[in-house]
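Here are my notes on the strand pairing and the aromatic contacts. Please read them with the model open.

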Amino acid sequence: MLATALLAALLVPHAAAQQSNDKMSVGPRTVHYRPTDAESAKWSLGGQFRMPLAEAYMFEFSVDRARYRASGVDVTATPIQATLIGLFYPDTSISPFLLFGAGLYAIKADGHYVNPHRRFGLHVGAGLELLLSSRLSIDASYRFLWTQVHRLDDPLRWIGRDFRRRAHMFTAALNYRL
């Protein structure tokens, strides 16, 4: 019975989706951010704000707090991202989407030395949004990131930097449509 309901939701446009497709949303999310050189990473909390741009496009602004371990040192990252989302089926209750955007990643390592710095980076990915009601939805996404080192003592020098650093980011969010 649950499989039938899920299949029906996937194939049939949901009336609530058509009524609330043009509304902003805000909500908490959980994030798993792991650079490729990290030994381990933990799920952390964050938040996101989404604003519709056109029928099938949304702008997302998100701030997260991520923790991982690299080279035996505990690291805290604060990803601040601006993302453009393109929905494949904006008028249905289940819609896959593609995303791309840019972000600033404030990094602070714990331990016997302090090296706060920022990394600017680009990201691309994909996800799925499930509309639960006219006001609530959940979504999950994967993002692949290219980041570079951007030191706090040189905040305006972004041109000519190395974008060979990589990271993976998984998110799951609950959205409340305003």
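1. Strand 2 (residues 40-54) and strand 4 run antiparallel and are joined by three bridges. Within strand 4, Tyr68 has Ala41 standing opposite. Keep in mind that this is a predicted model.

2. On its other pairing, strand 4 meets strand 5 (residues 73-87) through five bridges, again antiparallel. Ala70 has Val73 of strand 5 as its bridge partner. The two strands form a hairpin with two residues between them. Ser71, in that turn, has a positive phi of about 55°.

3. Which side chains of strand 4 (residues 66-70) are buried? Ala66, Tyr68 and Ala70 are, and they point to one face.

4. Look next at Tyr142 and Phe170. Their ring centres are 5.0 Å apart and their planes stand at 50°. Stacked needs under 30 degrees and edge-to-face over 60, so this pair is tilted. Tyr142 sits in strand 8 (residues 136-147) and Phe170 in strand 10 (residues 165-177), so the contact ties together parts 28 residues apart in sequence.

5. Arg50 lies over the face of Phe97, at 5.5 Å from the ring centre.

Conventions. Residues are numbered from 1 along each chain as its sequence is written. This is a predicted model: local features need pLDDT of at least 70, side-chain atom pairs count only at pLDDT 80 or more; totals for chains, interfaces and linings use all residues. Side-chain values use heavy atoms; hydrogens and water are left out. Rings of Phe, Tyr and Trp (its six-membered ring) pair if their centres lie within 6.5 Å; planes under 30 degrees apart count as stacked, over 60 as edge-to-face and the rest as tilted. Helices (H or I, at least four residues) and strands (E, at least two) are DSSP runs, numbered from the N terminus. A charge sits over a ring if NZ of Lys or CZ of Arg is within 6 Å of the ring centre and within 35 degrees of the ring normal. Buried means under 20% relative accessible area, exposed over 50%, partly exposed in between (1.4 Å probe, protein chains only). Two strands pair if DSSP finds at least two bridges between them.
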